[in-house]
Amino acid sequence: GPILVAALSAPVLRERTSLRSWLAIVVGLAGVLVVLRPGAEGLFTGSALMMLVAASCYALSNLTVRVLSRTDSTQAMVLWLMVLLTAIATVASWSQWVPIRSDDWPVLLGIGVAGTIGQYAMTRAFSLGEPAVVAAFEYTALPWAVGLDLVLWQVLPDPITWVGAAIIVGSGLMLLRAER
């Protein structure tokens, strides 16, 4: 996702992107290929395609925030995002809706509050900073994901995934340096 934000910020936002930044983007995409293990069984699967679609939508949504921040407040953008997500989720779940147990409400409210605060912070960051620079900070999610995998499922990534992740993080650091 962060790599696509950097790659799309030039054509979508008409921001100037240096040759060093493009090199960092290409290196990051190579890291993604390492993680996906190119080949018929790794690259061209439904999961890989869905990840590409999700990352592209993520990148476009962050770039949209940058464009909307010219005319709309962070609060308005987050409010309308939450309203739209609630409407879409309601329609998507309607046919298989199961009533929420009373024991689940505190957890759901906690997720809602944490998600809203997180979305506000991300929206504000993309409103104020250059998308390529802000997106690079999202690599801090990698240690959290590894830590949660370890704590919840006692699983660590395999060596090839570590190599791909290192390449991706390295490209993020290259991008930060190039954009600085």
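**Figure 1. Helix α5 spans residues 105-128 and reaches 34 Å from its first C-alpha to its last.** The helix has 24 residues. Its reach is close to the 34 Å expected at 1.5 Å a residue (1.5 Å times one less than the number of residues). Helices here are DSSP runs of H or I with at least four residues, strands are runs of E with at least two, and both are numbered from the N terminus. The model is predicted, so local features need pLDDT of at least 70 and side-chain atom pairs pLDDT 80 or more, while totals for chains, interfaces and linings use all residues. Residues are numbered from 1 along each chain as its sequence is written, and side-chain values use heavy atoms, without hydrogens or water.

**Figure 2. The whole chain is built from eight helices and zero strands.** Along the sequence, the pattern reads α-α-α-α-α-α-α-α. The C-alpha atoms fill a box of roughly 50 × 45 × 30 Å, taken along the principal axes. The chain has 180 residues, and 25% of them count as buried (buried is under 20% relative accessible area, exposed over 50%, partly exposed in between; 1.4 Å probe, protein chains only). Among contacts with a separation of 6 or more, 80% join residues 24 or more positions apart; contact means heavy atoms within 4.5 Å. The chain exposes about 12000 Å² (Shrake-Rupley method, 1.4 Å probe). Carbon and sulfur atoms supply 74% of that area.

**Figure 3. Thr-123, Phe-126 and Ser-127 are the buried residues of α5.** Their cover includes α1 (2-13) and α3 (46-68). It also includes α4 (74-93) and α6 (131-136). Focus on Thr-123, placed in helix α5. Thr-123 counts as buried because its relative accessibility is 4%. Leave out residues up to four places away in sequence, and Thr-123 touches Val-65, Thr-74, Met-77 and Val-78.

**Figure 4. Val-107 is an exposed residue of helix α5.** Its relative accessibility is 51%, so Val-107 counts as exposed. Val-107 and Thr-86 are 21 residues apart along the chain, and their C-alpha atoms are separated by 17 Å.

**Figure 5. A nonpolar surface patch covers about 710 Å².** Val-107 is one of its members. Leu-108, Leu-109 and Ile-111 belong to the patch as well. Two tryptophans take part, Trp-97 and Trp-105. Look next at Ile-100, in the loop between α4 and α5. Ile-100 is partly exposed, because its relative accessible area is 31%.

**Figure 6. Ser-21 is buried in helix α2 (residues 19-36).** Its relative accessible area is 0%, so Ser-21 counts as buried. Set aside its neighbours within four places in sequence. Ser-21 is then in contact with Leu-175, Ala-178 and Glu-179.

**Figure 7. Val-34 of helix α2 has Gly-164 at 5.0 Å, C-alpha to C-alpha.** In sequence, Val-34 and Gly-164 are 130 residues apart. Beyond its neighbours within four places in sequence, Val-34 is in contact with Ile-160, Val-163, Gly-164 and Ile-167. Val-34 counts as partly exposed because its relative accessibility is 25%.

**Figure 8. Arg-14 has a positive phi, near 60 degrees.** Arg-14 is a residue other than glycine. Find Arg-14 in the loop between α1 and α2. At 70% relative accessibility, this arginine counts as exposed.

**Figure 9. Gln-154 has a positive phi of about 55 degrees.** Gln-154 is not a glycine either. Its place is in the loop between α7 (141-153) and α8 (159-179). With a relative accessibility of 60%, Gln-154 counts as exposed.

Conventions. Patches are made of residues with over 30% relative accessible area and no salt bridge: like charges are joined within 9 Å, nonpolar side chains (Val, Leu, Ile, Met, Phe, Trp, Tyr) within 5 Å. A salt bridge is a side-chain nitrogen of Lys or Arg within 4 Å of a carboxyl oxygen of Asp or Glu.
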